[in-house]
Amino acid sequence: MFKPKKSLGQNFLFDPTLLIRIIDAAQVTSEDTVVEIGPGPGRLTELLAHRAKKVIAVELDAELHARLKTGLAGYVNVELVNMDVLEYPFEQLEPFKVVANIPYYITTPIIFRLLEARTKLKSMTLTIQREVAERIVAPPGGKDYGVLSLSVQYHTKPTLQFVIPKEAFRPMPKVDSAVVRMEIREKPPVAVNDEKMLFKIIRASFSQRRKTLSNSLKPLIPECKDLLIQANIDPMRRAETLSIEDFARLANLIS
Ligand code: SAM
């Protein structure tokens, strides 16, 4: 009997209706190479194998990987890889989509790693904690909006597809999940001279959310008050009220 490892975020989904809804949300076709992160017992993998041209399933747990090798032996279009997904060389692949119910202890590292490999990535459809999904799609103005929302929205068009209640997983996790589809943008939604500067400003602005922008930005840019005024942004505003266009205007003035 296999005993799920909590430390590896092993909460499995078995309901075929839900798994098919995930694959439908990802818009997988017979032309697609799909990377699945953490195939676990392989239920989603098997359904993906029927839909996609090729499935690359990257699993860290050697015990599960060995089981998959036997269980999925009949599928010639499935490649099983036993490694940490954060080490996987995505850049060497042909264009691909990611479809996965990911291990929650590394949700943001996985998203940032995939954004780094975005030249080859077409879209990622991830089952993640509902609260993180809500942060990803959040518009300006609320408490969910922050560095994660801006980073993902700058590189992708994210849409929250549907919620999966925690009761659907075995073992049951503490929180509900949601499926988010993030389609990689051909170009960013705003023109920016220096992306590194843009994200430096965004991170500094949100480093102390309760503070005004001029206070949060002062350590990074001592003359920020004048620059904010020049960018048509009231220095007394808080970071969460700024749109990506506001941040881009400010970054372009600075760089
Ligand atoms: N896809 C399966 C499902 O939906 O039932 C399993 C999902 S489970 C939430 C996450 C899976 O990711 C587990 O199988 C776990 O062993 C695997 N995993 C955990 N850390 C990993 C890592 N760093 N790299 C690759 N796989 C990992």
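**View 1. Lining of the second largest pocket.** In this predicted model, Phe 112, Leu 115, Glu 116, Arg 118, Val 147, Ser 151, His 155, Glu 195, Lys 196, Phe 199 and Arg 203 line the second largest pocket. Elements giving two or more residues to this lining are α4 (107–116), α6 (147–155) and α7 (195–206). The largest share, four residues, is from α7. Helices (H or I, at least four residues) and strands (E, at least two) are DSSP runs, numbered from the N terminus. A pocket is, on a 1 Å grid over the protein atoms alone, an open set of points where a 1.4 Å probe fits, with protein on both sides within 12 Å along at least five of seven lines; lining residues have an atom within 4 Å of a point.

**View 2. Setting of the second largest pocket.** Its volume is about 290 Å³, taken as the space filled by probe spheres set on the points, which are joined across faces, edges and corners. The pocket lies between domain 1 (6–184) and domain 2 (195–254), because both give residues to its lining. The domain bounds come from an automatic or database domain assignment. The lining has four nonpolar, two polar and five charged residues. Nonpolar covers Ala, Val, Leu, Ile, Met, Phe, Trp, Tyr, Cys and Pro; charged covers Asp, Glu, Lys and Arg; the others, Gly among them, are polar.

**View 3. The largest pocket.** This pocket holds about 670 Å³ of space. Among its 39 lining residues, Leu 8, Gly 9, Gln 10, Asn 11 and Pro 103 lie nearest the centre. Elements giving two or more residues to the lining are β1 (12–13), β2 (33–37), α2 (43–51) and β3 (54–59). By class, the lining has 24 nonpolar, eight polar and seven charged residues.

Residues are numbered from 1 along each chain as its sequence is written. Totals for linings use all residues of the predicted model, whereas local features need pLDDT of at least 70 and side-chain atom pairs count only at pLDDT 80 or more; side-chain values use heavy atoms, without hydrogens and water.
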